[in-house]
Amino acid sequence: MILMFIIVSITWFISTLPFLILYQILLTSQSKKIGYKLSIEHIIIICIFVYYLTAVLSFTGIPSIMDIVQNSFGIITPEGLSFPPDEINLIPFYWLTEGVRPYIDNILLFIPLGFLLPCIWKKYEALWQTALSGMTFSLIIELSQLFNRRITDIDDLLMNTLGALIGWVIFRLLQERLAKLQEKVSLQGTNIEKIPLLLREEACFYMTSTFAGMFFVFYPFLRPALIPFLRSLFGFVLI
């Protein structure tokens with residue numbers, strides 16, 4: 001089980017490389033123009049950040065480009081888009097009577113996001129920046145699920161955002177103890193004049209690259225190729 005997860009999770013990360021490498025080339029070019037060099041510690045924690053994001057997208061279950069192109073779930077009709085009403089919930093806490101476990105899971109899933117954002121990027125030390133990023137990332141996931149017959153749920157959006165806020169609070173409580181680490185890994189954007197867009201919005205580009213990797217590469221290509229290999233290796237598949 002552990003070995004299978006390691007293999008699969010590495011494949012998640014590999015799927016993002018085409019987009020990450022292109023972004024890094026452009027980012028390095030822009031950084032050199034303003035005399036700014038990204039530290040090795042920053043690059044390492046970025047890899048951890050991207051790895052975490054791929055896990056979130058895998059656990060939440062986004063569709064692939066092939067699902068949409070092939071209309072695998074019958075969402076696209078001659079009359080337009082057809083989303084089953086029972087797969088969209090806009091009523092807060094609608095499922096609460098069925099148990100709190102899903103709510104707790106959604107909170108826990110986004111706590112690392114709320115912790116890592118301000119740890120890596122100074123701008124996210126502002127609470128609203130972290131909350132907005134957590135809510136936006138969650139919203140993109142929920143909207144994408146309209147195309148693969150998973151429930152698009154406002155509860156997930158609320159709990160994910162709450163998780164990001166809790167992660168931010170944890171960071172603030174530990175910030176003094178993390179000062180030396182943060183100094184090594186954080187992007188000191190506040191000290192740079194005329195920051196290029198690719199550097200100023202680095203976190204957003206990593207989120208976009210991660211989603212693109214899972215959407216365009218992992219689910220349509222790597223996952224189908226991985227299933228026979230895992231089945232031959234373990235006798236069963238959990239992806």
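In which helix is Leu139 found? Leu139 is found in helix 5. Helices here are DSSP runs of H or I with at least four residues, strands are runs of E with at least two, and both are numbered from the N terminus. The structure is a predicted model, in which local features need pLDDT of at least 70 and side-chain atom pairs count only at pLDDT 80 or more, while totals for chains, interfaces and linings use all residues. Residues are numbered from 1 along each chain as its sequence is written, and side-chain values use heavy atoms, with hydrogens and water left out.

Leu139 has a relative accessible area of 38% and is therefore partly exposed. The cut-offs are under 20% for buried, over 50% for exposed, and partly exposed in between, with a 1.4 Å probe and protein chains only. Leu139 and Asn160 are 21 residues apart in sequence. Their C-alpha atoms lie 9.3 Å apart in space.

The largest nonpolar core holds 45 residues. Such a core is a set of buried Ala, Val, Leu, Ile, Met, Phe, Trp, Tyr and Cys residues joined through side-chain atoms within 4.5 Å. Phe49, Leu113, Leu117, Trp121, Phe137 and Tyr206 touch the most other members. Two or more core residues come from each of helix 1 (2-33), helix 2 (40-60), helix 4 (101-120), helix 5 (127-144), helix 8 (197-200) and helix 9 (202-234). Helix 9 gives the largest share, 10 residues. In soluble globular proteins, nonpolar side chains tend to be buried together.

Contact is defined as heavy atoms within 4.5 Å. Neighbours within four places in sequence aside, Phe49 is in contact with Leu113, Leu116, Leu117, Ile120, Trp121, Ala203, Tyr206 and Met207.

Aromatic rings were then compared. Rings of Phe, Tyr and Trp (its six-membered ring) pair if their centres lie within 6.5 Å; planes under 30 degrees apart are stacked, those over 60 are edge-to-face, and the rest are tilted. The count comes to 16 aromatic pairs. Phe49 and Trp121 form an edge-to-face pair, with 5.3 Å between centres and 75 degrees between planes. This pair links distant parts of the chain, 72 residues apart. Phe49 is in helix 2, and Trp121 is in the loop between helix 4 and helix 5. Trp121 has a relative accessible area of 2% and so is buried. Tyr94 counts as partly exposed because its relative accessibility is 46%. Trp95, at 23%, also counts as partly exposed. One aromatic cluster is formed by Tyr23, Phe49, Trp121, Tyr124, Phe205 and Tyr206.

The surface carries a nonpolar patch. Patches are made of residues with over 30% relative accessible area and no salt bridge; like charges are joined within 9 Å, and nonpolar side chains (Val, Leu, Ile, Met, Phe, Trp, Tyr) within 5 Å. This patch consists of Met1, Ile2, Phe5, Ile6, Ile10, Ile14, Tyr51, Phe59, Phe236 and Leu238. Together they have about 1000 Å² of accessible area, by the Shrake-Rupley method with a 1.4 Å probe, where for residues only the protein chains shown count as cover. Helix 1 and helix 2 each give two or more residues to the patch. Helix 1 gives the most, with five residues. Phe59 lies in helix 2 and, at 48% relative accessibility, counts as partly exposed.

Charged pairs complete the account. The whole structure has five salt bridges, each a side-chain nitrogen of Lys or Arg within 4 Å of a carboxyl oxygen of Asp or Glu. One of them joins the side chains of Glu87 and Arg149, at 3.8 Å from N to O. Glu87 is buried, with a relative accessible area of 17%, whereas Arg149 is partly exposed at 36%.

Lys122, Glu125 and Arg172 are linked in a network of salt bridges. The closest N and O atoms are 3.7 Å apart for Lys122 and Glu125, and 3.9 Å apart for Arg172 and Glu125. Arg172 lies in helix 6 (residues 154-174) and Glu125 in the loop between helix 4 and helix 5, so this pair ties together parts 47 residues apart in sequence. Lys122 is partly exposed, with a relative accessible area of 26%. Arg172 is partly exposed at 38%.
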